[in-house]
Amino acid sequence: MSVVMKKPNTANEEVAVTRDTFGSKFGIVAAAAGSAVGLGNVWRFPYIVGENGGGAFILIYLACILVVGMAAMLCEFLIGRRTGTNAVQAFKKLAPNTPWFLTGWMGIITSVLILSFYSGVAGWCIHYMIASLMGGFTGLDAGGINQTFGAFITGYEPIFYQMIILFITAGVVFFGVKKGIERVSKILMPLLVVLLVLLGVNSLMLPNAVAGFEFLFKPDWSGVTPESILIALGHSFFTLSVGMGVMMTYGSYIKKSDNLGTSVVSITAADTSIALLAGIVIFPAVFSFGLEAAEGPGLVFVTLPHIFNNMPFGQLLGGVFFFLLTIAAITSTISLLEVNVAYLQDTFNWKRSKSTIAVISVIVVTSIICSLSNTEVLGHIKLFGLNFFDFADKVTNDYLMPIGGLFIVLFTGWYMKKEDIVDELTVEGQKPWYVEPFLFIVKFVAPVLIAIVFLNTIGLVG
Ligand code: TRP
């Protein structure tokens with residue numbers, strides 16, 4: 001794909017001629033939803049809900065999605081489509097000779113850090129797929145499964161699977177077989193949803209499933225701390241893939257005639273339902289089997305094998321499930337890598353192959369460091385009390401994405417020209433009803449909320 005740079009704010013029709021655009025409205029929603037739906041929904045969401053007390057946390061999370069996350073996604077889409085380029089260049093075009101482009105840069109750093117631990121967890125899924133199919137969990141009780149999980153992630157095997165994930169990811173980005181992947185995932189992702197629904201029904205029929213259901217949907221505010229609000233906020237960015245310029249890059253591929261607002265609503269609805277579905281699969285089972293809700297990152301990897309152990313055809317279903325989860329994770333790692341590769345291509349005029357090799361070389365190193373930090377080799381090195389793996393997870397979710405999101409909404413609300421925003425959101429000459437509320441949110445509500453949550457957590461106010 002060659003990208004011809006245009007002068008700032010030239011008509012978008014010109015951009016559309018020189019850049020790939022998504023073929024159809026369904027195409028953009030499917031691609032962005034593919035980026036959004038991943039381990040964040042099935043692995044991360046349940047475990048942070050478990051660690052932060054359940055229902056009350058979910059309400060805060062939903063509020064963050066509705067008020068801040070969706071607005072941030074719309075900002076990214078409209079900046080991307082307006083400028084027709086990657087996140088760094090987009091800021092340079094709209095705000096020449098200002099430091100705003102650093103927001104794009106921060107996104108690049110964030111995506112490298114996310115890839116470093118995310119590819120590790122994706123690798124765990126491959127191992128779980130194989131173990132499940134081979135009957136590796138048969139006969140084990142929760143304690144036994146927990147033990148095998150602990151032994152697995154503190155060993156060296158995860159590095160092998162992580163390298164497979166990175167190899168596949170780089171291969172897809174390198175050879176540009178994205179179209180193939182998109183076609184495959186359009187079939188496999190709905191299948192993942194079907195399987196989640198099936199598992200959800202199964203979980204709800206377990207003895208004492210009610211306790212898990214109540215944990216999820218009956219808010220108990222006693223477990224909520226300022227820190228959990230920051231975690232909810234950070235996760236709402238993480239799960240929607242916003243706050244780091246990825247959706248900006250996607251926005252640059254959206255046709256001028258497409259309605260950005262309805263796209264944001266569809267993507268968010270798909271993402272949120274899958275996360276809630278994952279919760280409905282996990283928590284009734286956690287309470288039914290007497291497992292620990294606040295288990296941490298191992299939650300899904302201990303609970304799911306246990307569920308499959310107690311299901312007809314569990315071995316096979318477990319294998320299929322972890323296969324689909326691996327694919328969901330790979331569609332996310334592809335877009336995480338793609339932003340960096342696109343940036344190098346656009347900026348230095350490097351070939352796709354050269355750019356891919358450059359980025360993946362860095363990521364192989366940072367990924368191995370993350371995985372080794374779960375073993376005794378690097379486990380003793382702590383940054384702010386966390387090993388590299390947990391540090392990469394925490395620093396991206398709690399700091400880099402909220403700050404990136406803050407800059408993106410501030411930029412849209414206070415720096416961009418209102419006419420440009422209205423023009424981008426106008427569909428067939430009609431200004432949609434939500435334009436004014438949206439502007440109010442990005443100018444005042446979102447920045448103030450992000451700032452308060454943030455300052456409160458780091459202890460500066462409150
Ligand atoms: N949203 C992805 C998930 O829920 C994770 C993610 C965060 C991501 N930022 C991204 C994926 C950027 C692709 C691109 O699993």
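Colleague: Which helix gives the most residues to the lining of the second largest pocket?

Modeller: Pockets first, in general: on a 1 Å grid over the protein atoms alone, a pocket is an open set of points with protein on both sides within 12 Å along at least five of seven lines, and a lining residue has an atom within 4 Å of a point. Helices here are DSSP runs (H or I, at least four residues; strands are E, at least two), numbered from the N terminus. In this case H9 gives the most to the lining, with nine residues. Before we go on: this is a predicted model, where local features need pLDDT of at least 70, side-chain atom pairs count only at pLDDT 80 or more, and totals for chains, interfaces and linings use all residues. Residues are numbered from 1 along each chain as its sequence is written, and side-chain values use heavy atoms, with hydrogens and water left out.

Colleague: What volume does that pocket have, and which residues are the closest to its centre?

Modeller: A volume is the space filled by probe spheres set on the grid points, which are joined across faces, edges and corners. For the second largest pocket that comes to about 460 Å³. There are 24 lining residues, and Ala 30, Ala 33, Gly 34, Ser 185 and Met 189 are the closest to the centre. The elements that give two or more residues to this lining are H2 (25-36), H9 (178-204), H13 (260-288) and H15 (314-348).

Colleague: How does the lining of that pocket split by class?

Modeller: The classes are simple: Ala, Val, Leu, Ile, Met, Phe, Trp, Tyr, Cys and Pro are nonpolar, Asp, Glu, Lys and Arg are charged, and the others, Gly among them, are polar. For the second largest pocket you get 15 nonpolar, six polar and three charged residues.

Colleague: And how many cavities does the search find?

Modeller: A cavity is a set of points where a 1.4 Å probe fits but cannot get out. Searching the whole structure turns up five of 30 Å³ or more. The largest cavity has a volume of about 140 Å³. Of its 17 lining residues, Ser 35, Phe 238, Ser 241, Ser 332 and Leu 336 are the closest to its centre. At least two lining residues come from each of H2, H3 (39-51), H6, H11 (226-240) and H15, with H15 giving the largest share, three residues. By class the lining of the largest cavity has 10 nonpolar, seven polar and no charged residues.

Colleague: Is Leu 260 buried or exposed?

Modeller: Buried means under 20% relative accessible area, exposed over 50%, and partly exposed in between (1.4 Å probe, protein chains only). Leu 260, in H13, has a relative accessible area of 2%, so it is buried. Buried residues make up 58% of the 462 in the chain.

Colleague: Which residues is Leu 260 in contact with?

Modeller: Contact means heavy atoms within 4.5 Å. Leaving aside neighbours within four places in sequence, the partners of Leu 260 include Leu 74, Phe 77, Arg 81 and Glu 424. Leu 260 and Thr 426 are 166 residues apart in sequence and 9.0 Å apart C-alpha to C-alpha. For another case, take Leu 344 in H15: it is buried because its relative accessible area is 14%, and its C-alpha is 8.8 Å from that of Val 359, 15 residues apart along the chain.

Colleague: Where do Asn 97 and Phe 313 lie?

Modeller: Both sit in loops: Asn 97 between H5 (87-94) and H6 (101-133), Phe 313 between H14 (299-309) and H15. Asn 97 has a positive phi near 60° without being a glycine, and Phe 313 has a positive phi of about 60°, again not a glycine. Asn 97 counts as exposed because its relative accessibility is 83%; Phe 313 is exposed too, at 67%.
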